[in-house]
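Please open the model in a viewer and keep the selection panel at hand.

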Amino acid sequence: MNSKSDKNTSKHLGGTPPPRGRGWGRGLVLFPGSFDPFTLGHADIVRRALGLFDEIVIAVGYNEQKKGWLSVEERVATIKKLYAGEPRVTVESYTGLTVDFARECGATAIVRGIRTTADFEYEVQMADVNRQLTGIETVLLPASPQLASLSSSVVRELAHLGHDISKFLPA
Ligand code: ADP
């Protein structure tokens with residue numbers, strides 16, 4: 001390949017890719033979400049992300065204006081307890097822009113799960129904005145089929161109606 005076509009290829013692909021090894025699939029990944037509550041679906045994303053990255057920070061996002069079902073402190077404490085024996089997982093809370101927190105943590109990437117086409121459209125838009133703001137890429141993992149119908153909002157609804165929700169939550 002001559003140098004002219006090298007340049008063309010690189011331009012076509014959006015520039016020089018990051019060096020292999022310390023870029024894609026390594027380092028620390030941020031998993032942001034509301035986790036109100038943290039479900040088996042979230043735990044599945046954490047497990048799979050640990051196969052791709054060295055470390056994961058589960059980041060419980062909150063908004064002072066919006067009161068959740070569980071308090072942020074409760075959510076963080078529950079998730080911390082779940083991963084107490086896993087040194088590659090840390091749990092934090094944050095408010096404000098996810099990408100700002102991702103940078104603060106030194107994240108290589110953000111990971112999110114997708115269950116539906118609606119999730120997909122929203123996540124692709126967010127991923128694009130976040131990449132344009134900071135260059136941080138988002139890895140989208142498709143939900144495992146057996147967990148694809150599980151959402152925190154369904155679990156909250158069942159709890160309100162007095163159902164036992166324990167089978168949807170990691171123990
Ligand atoms: P947010 O309010 O930021 O969407 P959630 O706690 O609802 O926070 O979800 C956090 C992330 O986990 C999102 O990327 C969501 O798509 C993903 N997620 C939630 N439930 C599941 C599931 N059952 N399987 C796979 N991913 C899931």
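Predicted model: local features only at pLDDT ≥ 70, side-chain atom pairs only at ≥ 80, totals over all residues.

**The pocket.** Begin with the largest pocket, whose volume is about 1,400 Å³. Its lining comprises 48 residues; to find the centre, select Pro32, Gly33, Ser34, Phe35 and Arg112, which lie nearest to it.

**The lining.** Next, colour the elements that each supply at least two lining residues: strand 1 (28-33), helix 2 (40-50), helix 3 (72-82), helix 4 (98-105), strand 4 (109-114), helix 5 (117-134) and helix 6 (152-160). Helix 5 provides the largest share, seven residues. Colouring the lining of this pocket by residue class gives 19 nonpolar, 18 polar and eleven charged residues.

**The ligand.** Now display the ligand, which takes up the space of the largest pocket. Which residues come nearest to the ligand? Of the 16 around it, they are Ser34, Phe35, Gly113, Leu147 and Leu150. Within this shell, strand 1, helix 2, strand 4 and helix 5 each contribute at least two residues. By class, the shell holds seven nonpolar, five polar and four charged residues.

Select Arg112 and show its side chain: one of its N or O atoms is 3.0 Å from an oxygen atom of the ligand. Then turn to the backbone of Leu147, where an N or O atom lies 2.8 Å from a ligand nitrogen atom. At Leu150, a backbone N or O atom is 2.9 Å from a nitrogen atom of the ligand. Finally, show the ligand surface: taken alone, the ligand exposes 550 Å², of which the protein buries 84%.

How values were computed
Residues numbered from 1 in each chain as written. Heavy atoms only, no water. 1 Å grid on protein atoms, 1.4 Å probe; cavity = no way out; pocket = protein on both sides within 12 Å on 5 of 7 lines; lining within 4 Å. Points joined across faces, edges and corners; volume = space filled by probe spheres on them. Helix = DSSP H or I, 4+ residues; strand = E, 2+ residues; numbered from the N terminus. Nonpolar A, V, L, I, M, F, W, Y, C, P; charged D, E, K, R; others polar. Near = heavy atom within 4 Å. Polar contact = N/O pair within 3.5 Å; in protein donor to acceptor, adjacent residues only side chain to side chain. Areas by Shrake-Rupley, 256 points an atom, 1.4 Å probe, with all protein chains shown as cover. Sits in = over half its atoms within 2 Å of the grid points.
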